Amino acid sequence: QVQFVESGGGLVQPGGSLRLSCAASGSAGRVYGMQWYRQAPGKQRGLVASISSGGDSTYYADSVKGRFTISRVNAMNTVYLQMNSLKPEDTAVYYCKIPGLTFWGQGTQVTVSS
């Protein structure tokens, strides 16, 4: 069973930055592509960004392009999400996930407010 530990969330003012981290364990040595999702109150969970197992291919939702950067530690299931120029609409619980697997972590809360 794969487990995720997300961290790095918090309260930040509009225009500020945060860096989220996620470490996955229990993958039996296999390196996977990884994703960040987010879920705001009353909304469905949606994909924010993804990165391939080798780190050479990334995807971003239109709403975060140019502001968020996903990266990973080579040969490990550890992924980061650098979030700049944060907006109130970025407020959500952020989760990491491995595509194709049903496991979720506990998430980390990001609140953007003045």
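Gln35 is buried in this predicted model, because its relative accessible area of 11% falls under the 20% limit for a buried residue. This glutamine belongs to strand 4, which covers residues 34-39. Its surroundings can be read from its contacts: leaving aside residues up to four places away in sequence, Gln35 touches Leu47, Ala49 and Ser50, and also Tyr95, Cys96, Lys97, Ile98 and Pro99.

Stepping back from this residue, the protein chain is built with 10 strands and zero helices. Followed along the sequence, the pattern therefore reads β-β-β-β-β-β-β-β-β-β.

The overall dimensions come next. The radius of gyration of the protein chain is 13 Å, and a compact globule with 114 residues would have a value near 13 Å, so the two agree. Along the principal axes, the C-alpha atoms fill a box of roughly 45 × 25 × 20 Å.

Of the 114 residues in the protein chain, 44% count as buried, and Gln35 is itself a buried residue. The protein chain exposes about 5900 Å², with carbon and sulfur atoms supplying 48% of that area. As for charge, there are 10 positive and 5 negative side chains, and the centres of these two sets lie 4 Å apart.

Methods
Residues numbered from 1 in each chain as written. Predicted model: local features only at pLDDT ≥ 70, side-chain atom pairs only at ≥ 80, totals over all residues. Heavy atoms only, no water. Helix = DSSP H or I, 4+ residues; strand = E, 2+ residues; numbered from the N terminus. Buried < 20%, exposed > 50% of the residue type's maximum accessible area, 1.4 Å probe, protein only. Contact = heavy atoms within 4.5 Å. Rg over C-alpha atoms; globule rule 2.2 N^0.38 Å. Areas by Shrake-Rupley, 256 points an atom, 1.4 Å probe, with all protein chains shown as cover. Lys, Arg positive; Asp, Glu negative; His and termini not counted. Charge placed at Lys NZ, Arg CZ, Asp CG, Glu CD.
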